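Please keep the structure open while you read.

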Amino acid sequence: MRTVPRPVIVVLTSVLASGLLSAASDVPPPWAYGFGSAAGTNSPASPAAPPVQDDGTPKRLPGSSASFTLPQIRDGFGPADWYPGDHPQMPEIVAHGRKPDARACSHCHYPNGKGRPENAGIAGLPYSYFVQTMADFKADARKSADSRKANTNIMIAIAKAMTDEEVKASAEYFASMKWTPWIKVVETATVAKTRIAGGMFLKLEGSDTEPIGQRIIETPEDTERTEVLRDPRSGFIAYVPVGSVKKGETLVTTGGGKTTRCAVCHGADLRGLGPVPGIAGRSPSYMVRQLYDTQRGTRKGVWADLMKPVVADLNEDDMLAIAAYAASR
């Protein structure tokens, strides 16, 4: 039996250990997917809280003449439309969906299409891009790199339940509205402690803070108006690490030697170019998810194939910085 020299064994052991550690750390950034810790880790997740219970009283919002009870606000097949004058007349699929599986688009993405960090802002997306994205969902070409993200699976089920006519109607509706940013980007070293509700970070009561680390913490400006009342006029604050916007600017505008300038496809102002969607002022959490999903191959399809070489050499810190800068524009 041939004996392997000890130095070789040490080297081989180090290489194997390094490979195992690399594989073990190759998991989606939990904060981008709405989780307090990575899947399979023993790190404590952010504290949760039960949903606000319905007391039967109608709720109101400033500037709206409407009133809705909590069950009406939460109705996936006819959610509250607080400000009908803020948007065109909604197609039936957007306003009410179609039972049993095609929930109303306006429930998650709001009637104005602005969406929230746990899903997507879809107002102003090019018609052809919207239709192709729905086709990708239908064909199982678009999934989440974090299998815990339940609303991605819900979106897949909704897309599969929609007819071609319903997809076209929703695409025309959301493409007709101009995207207007409602996310304020703030660089900081510390953030308020949060809990997670449905994939969204919500500030805890009190003044306790924690280091932000290498995370983006995207929270509502007003927790009650967003979480409970689903107010489509109440925006978000995205807290990002100090220096990330400047680093992102370098990557976005020059490529930084690691990627292609974003303006080549997304336009000089990052507001879209032809069938390519705009990325300026949109949710940074969502952007990081899409960059990561594309790099890991869980998001496929025509547009994803074009993005693969763009994201190939990016690490998570690069993705964070790119998203922070784009969201700030």
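**Sheet and helix packing**

Three strands make up an open sheet with mixed pairing, in the order β1-β7-β6. Each of β1 (183–187) and β6 (217–220) stands at an edge with a single partner strand, so one side of each has no neighbour in the sheet. From one strand to the next, the twist averages 25°. Residues are numbered from 1 along each chain as its sequence is written. In this predicted model, local features need pLDDT of at least 70 and side-chain atom pairs count only at pLDDT 80 or more, while totals for chains, interfaces and linings use all residues; side-chain values use heavy atoms, leaving out hydrogens and water.

**Strand pairing**
- Strands are DSSP runs of E with at least two residues, and helices are runs of H or I with at least four, numbered from the N terminus.
- Two strands pair if DSSP finds at least two bridges between them.
- β6 and β7 (residues 236–240) run antiparallel and are joined by four bridges.
- Ile217 has Tyr239 in β7 as its bridge partner.

**Helix contact**
- The axes of α5 (residues 127–138) and α7 (residues 164–175) come within 9 Å and cross at roughly 140°, with axes fitted to C-alpha atoms (for helices over the stretch in contact) and angles running from 0 to 180 degrees between N-to-C directions.
- That makes α5 oblique to α7 (under 35 degrees is roughly parallel, over 145 roughly antiparallel, 65 to 115 roughly perpendicular, and the rest oblique).
- In α5, Tyr127, Phe130, Val131, Met134 and Lys138 meet Val167, Lys168, Ser170, Ala171, Glu172, Phe174 and Ala175 in α7 (contact means heavy atoms within 4.5 Å).
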